[in-house]
Amino acid sequence: MPAIPMTDVMVLSLFDIVGIMTKWLIYIGVASSLGGFLMIVMNVRSIIRQQQIDSSTGAGIDDLPGYMRKGAMIGILAVAMNFFIQVGSFAETGLSGMWDPMMTEILWQSSVGGSVSWRITGFVLVLVTTFMPVNRTGPARNSALGLLLMATLCLAYSFTLIGHSADMDDLGKWLVALHVVAIGAWIGSLIPLWTMCGRLEARSLKGVMDLFGKQAIFIVAVVVITGLILLSLLFQSPGEFIDTGYGRAILTKLFIISAILAIAALHKFSLVPNLDDNASESGSLVVKLSSKPKQGEANSVGILKRSIGVEILIAALILTTTAVLSSVLGPQSLA
């Protein structure tokens, strides 16, 4: 779908709306894959630090493979739907245009087809690893981690081929890829963390959240730095933030991102420290997850769970805004 550079009033077609929806689902699939990968890596690192821990119980980590499998399947279906939506949009012959063979071939041979190929490859690799023993030590786990790394690279690279990234230089493309990986891993980790709040006691949950918090500092730094550099590449003057529809949409997205950063800070500096001051700061996640929540100590956990729930809703808004920005709006510098 061609981007609309500067219009203040947009009239979206059915293809535009469904295209945005399928793109949102693609983002969900990418976030689930990358977030699950981050949680697995986090657990592996904790196992390495506590080598006496029996890593075979790692499957207790909220069924991360199942979470990633669902995300990858959603991603594959959404990628296919989004491709044929674009075929129909370009064919301009109504819904029947979605199956136009000539337009299908043209798009498949373009960067759009390349992006589809890389995304399908990435999601299939994620699917494969969900059937591998990632929580065990040895070659099997290393192979699974290697495949997940390849999947991450495939998914990240796919974002450099289409949208605004396709018109940027190499620096811009790789900044986009890095930005996608960082924010995808962050957002995709929220649902597993939210789920843990429902099954861990405060002390165990604090240990998990502390481990995540250490990773999150680096992730947030990457998101902010790459995001700021990308803005400097996309905007020629500060006035474009006010004078253009794309700029105002970016300001809206920045406001939403500020809200989720504020909630993340609330977690790290207030809600998590209040969970249990005696919680251990090291050890395998599988050990922390072996504990069951006790009756009567759920207040602090419940508050954190509700806060993460709000964070998930805000993250969904960020993905929605991103889907709109990348589908029907475009920066003046790339018009």
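Which helix gives the largest share of the nonpolar patch? Keep that in mind while we walk through this predicted model; the answer comes near the end of the tour.

**Stop 1: the whole chain**

Show everything as a cartoon and colour by secondary structure. You'll see eleven helices and zero strands. Of the 335 residues, 52% are buried. If you draw contacts with a separation of 6 or more, residues 24 or more positions apart account for 82% of them.

**Stop 2: the annotated spans**

Next, bring in the record. An unreviewed UniProt entry lists residues 24-44, 72-91, 111-132, 144-162, 174-195, 216-235, 247-266 and 308-329 under "transmembrane region". Residues 24-44 are 100% helix, and their end C-alpha atoms lie 30 Å apart. Then pick residues 308-329: here the span is 95% helix and 0% strand, again with 30 Å between the end C-alpha atoms.

**Stop 3: Thr321**

Stay in that part of the chain and click on Thr321, which sits in helix α11 (residues 298-328). Is Thr321 buried or exposed? Its relative accessible area is 15%, so Thr321 counts as buried, the cut-off being under 20%. Show what surrounds it: apart from neighbours within four places in sequence, Thr321 is in contact with Ala249, Lys253 and Ile256.

**Stop 4: the nonpolar core**

Time to go inside. The largest nonpolar core holds 88 residues, and those with the most contacts inside it are Val30, Ile40, Trp186, Leu193, Leu205, Phe212 and Leu304. Helix α7 (residues 202-234) supplies the largest share of this core, with 14 residues. Zoom in on Phe212 and show side chains. Leaving out residues up to four places away in sequence, Phe212 touches Leu38, Met39, Met42, Trp186, Ser189 and Leu193.

**Stop 5: out to the surface**

Finally, select Leu171, Ile225, Ile229 and Leu233. Together they form a nonpolar patch on the surface, with about 340 Å² of accessible area. Here's the answer to the opening question: α7 gives the largest share of the patch, three residues. Click on Ile225, which is found in helix α7. With a relative accessible area of 51%, Ile225 is exposed.

How values were computed: Residues are numbered from 1 along each chain as its sequence is written. This is a predicted model: local features need pLDDT of at least 70, side-chain atom pairs count only at pLDDT 80 or more; totals for chains, interfaces and linings use all residues. Side-chain values use heavy atoms; hydrogens and water are left out. UniProt positions are given in the numbering used here, feature names are shortened, and annotations may be inferred rather than shown by experiment. Helices (H or I, at least four residues) and strands (E, at least two) are DSSP runs, numbered from the N terminus. Buried means under 20% relative accessible area, exposed over 50%, partly exposed in between (1.4 Å probe, protein chains only). Contact means heavy atoms within 4.5 Å. A nonpolar core is a set of buried Ala, Val, Leu, Ile, Met, Phe, Trp, Tyr and Cys residues joined through side-chain atoms within 4.5 Å. Patches are made of residues with over 30% relative accessible area and no salt bridge: like charges are joined within 9 Å, nonpolar side chains (Val, Leu, Ile, Met, Phe, Trp, Tyr) within 5 Å. Accessible areas come from the Shrake-Rupley method with a 1.4 Å probe; for residues, only the protein chains shown count as cover. A salt bridge is a side-chain nitrogen of Lys or Arg within 4 Å of a carboxyl oxygen of Asp or Glu.
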